[in-house]
Amino acid sequence: AAGAGRQPPSSSSSSEKEQFREDLSKVWVGQAGACTPLHFDLCHGLIAQVVGRKRVTLFPPSQSDRLSPFRAADGPPRCSQVKLLALRAGDPRHVAAFPRASEAQGFATDLEP
């Protein structure tokens, strides 16, 4: 295939060059129906779906402005004010409160065992 074996262009961004830190590793376990708020993590992660199904939506850092993160004094750190389910459902109050959120470009996928 065209481009096979080529490495992606390198970036000078320090965040992309961060090394894995074992001391930041965590294991999260959820129950059926659990919905994790839109947030960003401080370290790389791995997600595994053992039972059932989970929809995961990822946004690149370049979309943060559109996702209305809380200011440090106003809400949970590293979390968005946007409720993705309300936005996707077209909740008129949520859409009006966060008009740029619908412009955010991310990637969604469903995980299953």
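**Side-chain contacts and exposure**

Author: Ser-62 lies in the loop between E1 and H1. The model under discussion is a predicted one.

Reader: Does Ser-62 count as buried or exposed?

Author: The relative accessibility of Ser-62 is 55%. Because the class of exposed residues begins over 50%, Ser-62 counts as exposed.

Reader: With which side chain does the side chain of Ser-62 make a polar contact?

Author: A polar contact requires a pair of N or O atoms within 3.5 Å. The contact of the Ser-62 side chain has a distance of 3.4 Å, and its partner is the side chain of Gln-63.

Reader: What distance separates the C-alpha atoms of Ser-62 and Ala-104?

Author: Ser-62 and Ala-104 are 42 residues apart along the chain. The separation of their C-alpha atoms is 9.1 Å.

Reader: How many salt bridges does the structure hold, and which residue meets Arg-66 in one of them?

Author: The structure holds six salt bridges. In one of them, with an N to O distance of 3.6 Å, the side chain of Arg-66 meets that of Glu-103.

Reader: How many residues apart are the members of this pair, and where is each placed?

Author: Arg-66 is in the loop between strand E1 (54-58) and helix H1 (84-88). Glu-103 is in the loop between helix H2 (92-97) and strand E2 (107-111). The pair thus links distant parts of the chain, and its members are 37 residues apart.

Reader: Why does Glu-103 count as partly exposed?

Author: The partly exposed class lies between the buried limit, under 20%, and the exposed limit, over 50%. Glu-103 falls in this class because its relative accessible area is 41%.

Reader: In the salt bridge between Arg-71 and Asp-74, which residue counts as exposed?

Author: The side chains of Arg-71 and Asp-74 meet at 2.8 Å, N to O. Asp-74, at 44% relative accessibility, counts as partly exposed. At 60%, the residue that counts as exposed is Arg-71.

Reader: Which residues does Ala-101 touch, leaving aside those up to four places away in sequence?

Author: Ala-101 belongs to the largest nonpolar core, which has eight residues, including Leu-38 and Phe-98. With that sequence exclusion, Ala-101 touches Arg-66, Val-82 and Leu-87.

Conventions
Residues are numbered from 1 along each chain as its sequence is written. This is a predicted model: local features need pLDDT of at least 70, side-chain atom pairs count only at pLDDT 80 or more; totals for chains, interfaces and linings use all residues. Side-chain values use heavy atoms; hydrogens and water are left out. A salt bridge is a side-chain nitrogen of Lys or Arg within 4 Å of a carboxyl oxygen of Asp or Glu. Helices (H or I, at least four residues) and strands (E, at least two) are DSSP runs, numbered from the N terminus. Buried means under 20% relative accessible area, exposed over 50%, partly exposed in between (1.4 Å probe, protein chains only). A nonpolar core is a set of buried Ala, Val, Leu, Ile, Met, Phe, Trp, Tyr and Cys residues joined through side-chain atoms within 4.5 Å. Contact means heavy atoms within 4.5 Å. A polar contact is a pair of N or O atoms within 3.5 Å; within protein, one must be able to donate a hydrogen and the other to accept it, and residues adjacent in sequence count only if both atoms are side-chain atoms.
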